[in-house]
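Open the model in your viewer and keep the sequence beside it. The tour makes two stops.

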Amino acid sequence: MNRCVSRATAFLAVALMLSPGLALAIGNAGADGHFERRESFHFTLFQDVDLDESGGLHGSRHFEQEVLRQLEAAYDLLDSLLSLRPGHKIEVYVWDAQIFDRRFAGLFKFPAAGFYGGAIHIRGEERVGGRLVQVLHHELVHAAFDAAAPRFSLPAWMNEGVAEWFEARSVSKRSLSGGERNALANVVRHGALYSLADLSAPSFQGFTPDAAGIAYLQSYAFINFLVETHGEHDLVEFVSAVIRSRSLERGARRAYRQDLGDLERAFRRSLGVHS
Ligand SMILES: [Zn+2]
């Protein structure tokens, strides 16, 4: 099972690869025994947030249309930024928050905002606000990687780093925030920076919440470093070469003309680490 944790939020975004046990745990019954189902061009939405009414601005129909509108916008952004276009419809479950917590509490050590496991599963909110939109963008990256390379297990630093980078871009955030830079500097000061090898398991599932926070931040920081030093075009080339070759090393040499080790050393030097 591939389990990943998102960083620095009250509720963490998680990605899982679907295993038979997880499929059983997810099931398909909503809060009141069924989901509202609604389609858009690239998505099938199942919605079970406990909204008071069906019509009107705060009703379930408007909510569902807004979620699908955000997903289609995310799909277009994913195509334009990373040239990823999942060829089949992606299922998205938006769960009632209480049901989500009850049903999935055993899967995570920490509060989860959503996860990917063959379908996107989101801990619902009653409004389609900024955080929900970011989680949709984040999980879409995992869904797109899974669609492009179904049996290829990406290292978590790439899967999560790109998801975090794309999520940031969805709100026009083009680099690490001051707070994120300070947190990273703090990690460096304590000699607690991970190596890429440390972050290369399919997921961060064995990490404590604090360690996962660092792992997520560092994965995002590494992808951000690649973009800031080599440009977005080379990231697109890297992603597509990795998917094509099923090899991180071949992808790195194709896109950056360097080994992953060279790129990692350059990243560490940019943080003031000279070892
Ligand atoms: Zn993730």
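This is a predicted model: local features need pLDDT of at least 70, side-chain atom pairs count only at pLDDT 80 or more; totals for chains, interfaces and linings use all residues.

Residues are numbered from 1 along each chain as its sequence is written, and side-chain values use heavy atoms, with hydrogens and water left out.

**Zinc site**

Select the zinc ion. Its coordinating atoms are NE2 of His-138, NE2 of His-142 and two OE atoms of Glu-160, at 2.0 to 2.7 Å. Donors are N, O and S atoms within 2.8 Å of the metal (3.2 Å for Na, K and Ca); water is not among the atoms, so sites may look incomplete. The angles among the four donor atoms run from 52 to 144°, and the site is irregular (four donors are tetrahedral if all angles lie between 85 and 135 degrees; four are square planar and six octahedral if opposite donors are over 155 degrees apart and all others between 65 and 115; anything else is irregular).

Next, select helix H4, residues 130-148. His-138 and His-142 are about one helical turn apart because they lie four residues apart in this helix. Helices (H or I, at least four residues) are DSSP runs, numbered from the N terminus. Both His-138 and His-142 are buried (under 20% relative accessible area, 1.4 Å probe, protein chains only).

**Second largest pocket**

Now select Leu-176, Arg-181, Leu-184, Ala-185, Ala-221, Asn-224, Phe-225, Glu-228, Phe-267, Ser-270 and Leu-271, which line the second largest pocket. A pocket is an open set of points on a 1 Å grid over the protein atoms alone, where a 1.4 Å probe fits, with protein on both sides within 12 Å along at least five of seven lines; lining residues have an atom within 4 Å of a point. Helix H7 gives the most to this lining, with four residues.

Notes
Helices (H or I, at least four residues) and strands (E, at least two) are DSSP runs, numbered from the N terminus. Buried means under 20% relative accessible area, exposed over 50%, partly exposed in between (1.4 Å probe, protein chains only).
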